[in-house]
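Try each task before reading its solution.

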Amino acid sequence: MTDGQTITVDVIAVEQITPLVKHFTLARPDRGNLPGFSGGSHVVVVMRGEARVFRNPYSLLGPPHALDTYQIAVRRMEESRGGSQFMHERLRVGSRLEIAHPVNLFALDKRARKHLLIAGGIGITPFMAQIEELRGGNVPFELHYAVRSREHAAFAARLHERAGERVRIYYDDAGAPIDHDGLLAAQPLGTHVYVCGPAGMISRVTEVARRWGWPDSHVHWEQFSAPPVGDAFEVYLARAERRVQVLADQSLLEAVEAAGVDVPYLCRGGVCGFCQTRVLELDGELLHNDHYLSDAEKSSRKTIMPCVSRARCRNLVLDL
Amino acid sequence: MTLSGIKSKPVYAPLRADPAGRRHLLLGVAPGGEALLTVLDELRGLAPEALTRTQVLYAAEHGSAQGSGGTVSLASFAAVGVAEARGFDSTGEVLAAYRDVLASSVMGLRVYVAGPESFLGLAIQTALEFNLNRDEIRAQVAGSLARRVRCVHCRATTEDVRTNIVACGGCGRWLFVRDHYSRRLAAYMGVMVDAELPGERPQIHEAFP
């Protein structure tokens, strides 16, 4: 996916919806329709800062049938490497952006007899589009949404309006958390559970589901990892015959791209596996941060996901 | 891969217990009972407490088919320590009871099926309606390979087909029984064999004993 295949959009509305979350409405400059998408899709937004380019994935949260605009919501990250800060501080109505085409790595399984959606914080965004798909159908669904407090409950009013009693919001400061065991112990056969939120919530839900005998094919989760900050290191790209410095707060993928070498990507968050790259030589260790490679692949020292993973090494040669 | 190379031809394997399941439902017909006892034995070794959440539905006779043989007694399931073992007189009754159990079950169930191939197909067809995936249902052939054959011309299903070529029970056309299988219809496809040269048919022989 190179920047040549992106879509140009303008920011046509910006709204601060919680103390940490801003909502952006994007449209084509000519106001023509944007590409179709399904609930759970994300787009990668290309942000051209002064010193460098950020590319972050954000879920599309508008109704999939309304293609005159795309809506995204961005939570400001405390230890941001710059992407969410850029979105919060630099974007105004009228700002022009490049976005990649929508990709869905978190689609609803349409064979399900019931959908159980569990969201934590900003993890609500993919479900916003999914409930638009579900509310018109006859397959039952429930959305359970955990947030810090009322002021942090993004989209609460819109959720209640669109899905009524099928939505339940849990406020941490009210001391009534989601009862995962209660939820997962007694769902009818053919239910699928979907979870999007903080890492702790995802591991809790998948673990509780496993305890109640849920098979993997009925458990879905999405978590985009932001590329973690680490120590700077150097990498040699064998095919491009280039030596590249990866800065402490830069991802390996960003460093390779900045050197002018294109790597195919879809999610930039360690989920999709698209940017998987062969390791040709390694003197040191790989620091895997993705949710894609198996443990065996991670310990093989032969492959890496450059979007989120790094290395601590004296020598690293990649098949790029 | 099968001899015909057709990928939809189901490949069944010996049953293995899945201790990750919270509850277990075993269905068997006639000689399938032996396979169920084997998998119960394995389950008891892996997760003995799981037997208290295990149910068996079993018919010693395959209904219409005679001489199925190799049946086991209902008491042998109780002896293993399962929570419930129910006996039935026919395949149809087992399938009806199975449907009732699925309708009232919650997530976490594993289904094990053993018996004639057509019985496996019908059990999997019902499982699809309840969105049970391949990691929730497993099946092993024990007994006849006789096929349910769907006529692609008139859409009638002919039961208990043991020969390579069969007259369609619906329209009377002579059908070649293919390996092309539909899980949704629980049937192999039958295609008119003498369309080009009416009356000219290959020799009929038993192909699915």
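**Exercise 1. A covered strand**

Task: In this predicted model, determine how many residues of strand β5 (residues 70-75) of chain A are buried, and which residues lie on each face of β5(A).

Solution: 
- Start with the count: 6 of the 6 residues of β5(A) are buried, which leaves the strand mostly covered.
- Next, recall that side chains in a regular strand alternate between the two faces of the sheet.
- Now sort the residues by face. One side of β5(A) carries A:Tyr70, A:Ile72 and A:Val74, and the other carries A:Gln71, A:Ala73 and A:Arg75.
- Both faces are covered, and the residues on each are buried.

**Exercise 2. From β5 to its partners**

Task: Find the sense in which strand β2 (residues 21-27) of chain A runs against β5(A), then follow the pairing on to β1(A) and β6(A).

Solution: 
- β2(A) and β5(A) run antiparallel and are joined by 6 bridges. To locate the pairing on screen, look for A:Val21, which stands opposite A:Arg75 of β5(A).
- β2(A) also pairs with β1(A), again in the antiparallel sense, over 6 bridges. In this pairing A:Val14 has A:Phe24 of β2(A) as its bridge partner.
- The link from β1(A) to β2(A) is a hairpin through 4 residues.
- Finally, strand β1 (residues 7-16) of chain A is joined to strand β6 (residues 96-99) of chain A by 4 bridges, and these two run antiparallel. A:Ile7 stands opposite A:Ile99 in β6(A).

**Exercise 3. A mixed sheet**

Task: Give the strand order of the open sheet of 5 strands in chain A, and name its edge strands.

Solution: 
- Read across the sheet in chain A: the order is β14-β13-β17-β15-β16, with mixed pairing.
- The edges are β14 (242-246) and β16 (303-304) of chain A, each of which pairs on one side only.
- For an example of a parallel pair, take strand β13 (residues 233-237) and strand β17 (residues 310-318) of chain A, which share 2 bridges. Here A:Leu237 has A:Leu318 in β17(A) as its bridge partner.

**Exercise 4. Domains and cores**

Task: State how chain A is divided into domains, and say which residues have the most contacts inside the largest nonpolar core.

Solution: 
- Chain A splits into domain 1 (3-103), domain 2 (114-222) and domain 3 (233-318).
- Between domain 2 and domain 3 of chain A, the C-alpha centres are 33 Å apart.
- In soluble globular proteins, nonpolar side chains tend to be buried together.
- The largest nonpolar core has 108 residues, and A:Leu143, A:Val193, A:Val195, B:Val113 and B:Ala123 have the most contacts inside it. Helix α4 (residues 117-129) of chain B gives the most to this core, with 6 residues.
- A second, separate core has 26 residues, among them A:Phe233, A:Tyr265, A:Leu316 and A:Leu320.
- Zoom in on A:Val193: beyond its neighbours within four places in sequence, its contacts include A:Leu116, A:Ile118, A:Val205, A:Trp214 and A:His220.

**Exercise 5. The two chains**

Task: What radius of gyration does chain A have, and what does chain B have? Then describe the contact where the chains touch.

Solution: 
- Chain A has 7 helices and 17 strands. Its radius of gyration is 20 Å, in agreement with the value near 20 Å for a compact globule of 320 residues.
- Chain B has 4 helices and 10 strands. They run β-α-β-α-β-α-β-α-β-β-β-β-β-β from the N terminus.
- The radius of gyration of chain B is 18 Å, close to the 17 Å that the globule rule gives for 209 residues, so chain B is as compact as a globular protein of that length.
- Turn to burial: 42% of the residues in chain A count as buried, and 40% of those in chain B.
- The contact takes 17 residues from chain A and 16 residues from chain B. On the chain A side, these are 7 nonpolar, 6 polar and 4 charged residues.

Conventions: Residues numbered from 1 in each chain as written. Chains lettered and ligands numbered in written order. Predicted model: local features only at pLDDT ≥ 70, side-chain atom pairs only at ≥ 80, totals over all residues. Core = buried A, V, L, I, M, F, W, Y, C linked by C-beta atoms within 7 Å. Buried ≥ 20, exposed ≤ 12 C-beta atoms within 10 Å, placed from the backbone. Contact = placed C-beta atoms within 7 Å. Pairing = 2+ DSSP bridges. Domains from an automatic or database assignment. Rg over C-alpha atoms; globule rule 2.2 N^0.38 Å. Nonpolar A, V, L, I, M, F, W, Y, C, P; charged D, E, K, R; others polar.
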